[in-house]
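The paragraphs after it lead through the surfaces and elements one at a time.

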There are 2 protein chains.
Amino acid sequence: MAISVGILDDHEMILEGLATMLSQTQEIEVTGCWTHHANCLEALEKQRPNVLLLDINLKNANGIELCAELSNTYPDLQIVAVSNYNESSFIKNMLRNGAKSYLLKNTSKDELITAIRKVHSGERYLPRTVENILLEDSLGTPKPKTSIPKLTRREKEVLQFISEEYTNGEIADKLFVSIKTVESHRTNLLSKFGVKNTAGLIKSAMNAGLIS
Amino acid sequence: MAISVGILDDHEMILEGLATMLSQTQEIEVTGCWTHHANCLEALEKQRPNVLLLDINLKNANGIELCAELSNTYPDLQIVAVSNYNESSFIKNMLRNGAKSYLLKNTSKDELITAIRKVHSGERYLPRTVENILLEDSLGTPKPKTSIPKLTRREKEVLQFISEEYTNGEIADKLFVSIKTVESHRTNLLSKFGVKNTAGLIKSAMNAGLIS
DNA sequence: CCAAAACCTAGGGTTTACCCTAACCTATTC
DNA sequence: GAATAGGTTAGGGTAAACCCTAGGTTTTGG
């Protein structure tokens with residue numbers, strides 16, 4: 001008896017990819033593909049697959065919430081999260097909400113099939129990559145801060161001027177303070193962003209959307 | 001005569017998806033799928049498809065540079081960029097570097113086939129979504145066009161290290177050259193980007209998609 | 001095949017960024 | 001109404017970045 005699998009992902013491309021990869025083994029039968037979560041919910045009412053591959057970032061729904069909802073409604077439906085996000089917060093949320101596996105979108109065919117097999121037999125399955133992300137996170141590695149630091153008024157002003165290529169001296173003139181004051185704000189910025197120099201500061205601030 | 005298409009994308013999932021979507025029309029024949037750019041380059045030597053679907057973020061290569069390289073080497077190879085990035089800088093870079101189309105990864109089968117058909121007939125093709133991104137960009141910021149400077153091998157290396165917060169001394173050790181040499185490359189980078197210091201350099205390089 | 005251009009290399013000297021420390025001011029709290 | 005905490009202001013000293021110049025090597029083009 002083949003494992004029946006449903007797939008929900010609003011990227012047609014990914015959907016085709018997943019379905020094709022799974023169609024190459026007799027062990028698995030894809031019984032449904034949906035690009036809209038509404039269609040998926042409707043289909044699950046009638047006929048339930050053993051396993052559901054679930055994308056996190058859906059257009060009109062939140063994959064994380066949907067996961068909780070589905071695993072409540074259908075406790076014996078095994079959910080495999082499929083996502084681009086490799087941040088530990090997403091992984092933890094999905095697992096907490098009932099997903100039994102979490103795969104990144106660069107997963108190979110073999111790993112995909114392994115995950116489905118494991119999950120179907122009631123086990124949890126995480127690829128090594130994903131396991132490492134959780135591990136590093138729980139070890140409290142002082143890593144790239146995903147949260148945007150809270151800046152004071154002066155720090156925001158100084159950051160803006162730095163991004164406009166002004167030197168500390170020029171900024172000091174603009175703000176009517178000493179160069180040393182500007183340097184202090186600058187040091188505090190480095191510290192708040194957890195970076196070592198201007199290069200890291202600008203990179204982080206741009207990624208945080210604080211400057212453009 | 002079917003249009004021959006090659007696909008380079010290091011995500012097996014996407015690769016399968018694209019190949020499957022294209023296998024459903026007689027008009028198109030997929031003649032090669034590669035997850036590593038080295039394999040792709042090798043294959044193109046022997047047998048050249050009409051159209052190449054090219055991912056931007058490859059693991060071991062820069063899709064933007066690869067695009068320039070390929071469209072120089074094979075002027076009659078039509079390149080379709082496939083990417084997750086919807087930032088105008090990426091789009092512009094790819095088009096500037098010879099890509100004839102730019103598709104996001106949520107593209108439908110129909111749009112994919114349309115793009116390939118148009119591109120094969122020598123036209124350029126951009127989905128409305130992508131066109132709008134470019135339009136908004138050109139309306140929003142009437143800034144002097146930021147053409148991407150052409151960097152040498154050393155300059156690219158140094159730029160990468162700078163963006164990773166290494167100092168000139170540390171970079172010198174990594175490259176087995178004098179600090180003074182690294183400083184020279186650095187000065188040349190500032191000059192090529194037309195900026196005054198590291199802050200401007202990182203900002204410009206990020207906007208140009210050369211670092212992330 | 002030779003000249004021109006571009007690239008990699010590096011030194012001397014100046015300016016700027018960064019670290020450690022600390023005073024002062026203003027809220028908030030107990 | 002002192003104590004605590006966060007913010008703005010600086011100083012002294014060191015490390016790093018930046019400017020100008022230039023020789024040697026590789027690439028390019030007529």
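By class, the surface near DNA strand C consists of 13 polar, six charged and two nonpolar residues. The model is a predicted one. In total, 21 residues surround DNA strand C, and the closest of them are Asn168(A), Asn197(A), Thr152(B), Val177(B) and Lys180(B). Both protein chains supply elements here: H8 and H9 of chain A, together with helix H7 (153-163) and helix H9 (179-193) of chain B, each give two or more residues to the surface near DNA strand C. H9(A) gives the most, with five residues.

The surroundings of DNA strand D may be described in the same terms. Of the 21 residues around DNA strand D, those that come nearest are Thr152(A), Ser178(A), Lys180(A), Asn168(B) and Asn197(B). The elements that give two or more residues to this surface are H7 and H9 of chain A, along with helix H8 (168-175) and H9 of chain B. H9(B) gives the most to the surface near DNA strand D, with five residues. The residues of this surface divide into two nonpolar, 13 polar and six charged.

Just after H7(A), Glu165(A) takes a positive phi of about 70 degrees.

How are H1(A) and H1(B) arranged at their contact? H1(A) and helix H1 (residues 12-23) of chain B pack at an angle of about 95 degrees, and their axes are 7 Å apart. Angles of 65 to 115 degrees count as roughly perpendicular, and H1(A) and H1(B) are therefore roughly perpendicular to each other. Among the residues of H1(A) that meet H1(B) are Met13(A), Ile14(A), Leu18(A) and Met21(A), while those on the side of H1(B) include Met13(B), Ile14(B), Leu18(B) and Met21(B). By class, the contact of H1(A) with H1(B) has eight nonpolar, four polar and two charged residues.

Chain B also contains an open sheet of five strands, with parallel pairing and the order E2-E1-E3-E4-E5. Strand E2 (28-34) and strand E5 (99-104) of chain B each have a single partner strand, so they stand at the edges and one side of each is left without a neighbour in the sheet. The twist averages 25 degrees from one strand to the next. Five bridges join strand E4 (residues 78-83) of chain B to E5(B), and the two run parallel. Within this region, Val80(B) stands opposite Ser101(B) in E5(B). Helix H3 (residues 63-73) of chain B packs on the sheet, where it touches strand E3 (51-55), E4 and E5 of chain B. The direction of H3(B) makes about 160 degrees with that of E3(B).

How values were computed: Residues are numbered from 1 along each chain as its sequence is written. Chains are lettered from A and ligands numbered from 1 in the order in which they are written. This is a predicted model: local features need pLDDT of at least 70, side-chain atom pairs count only at pLDDT 80 or more; totals for chains, interfaces and linings use all residues. Two strands pair if DSSP finds at least two bridges between them. Helices (H or I, at least four residues) and strands (E, at least two) are DSSP runs, numbered from the N terminus. Axes are lines fitted to C-alpha atoms, for helices over the stretch in contact, and angles run from 0 to 180 degrees between N-to-C directions. Two residues are in contact if their C-beta atoms, placed from the backbone, lie within 7 Å. Angles under 35 degrees count as roughly parallel, over 145 as roughly antiparallel, 65 to 115 as roughly perpendicular and the rest as oblique. Ala, Val, Leu, Ile, Met, Phe, Trp, Tyr, Cys and Pro count as nonpolar, Asp, Glu, Lys and Arg as charged, and the others, Gly among them, as polar. A residue is near a molecule or strand if its C-beta atom, placed from the backbone, lies within 6 Å of it.
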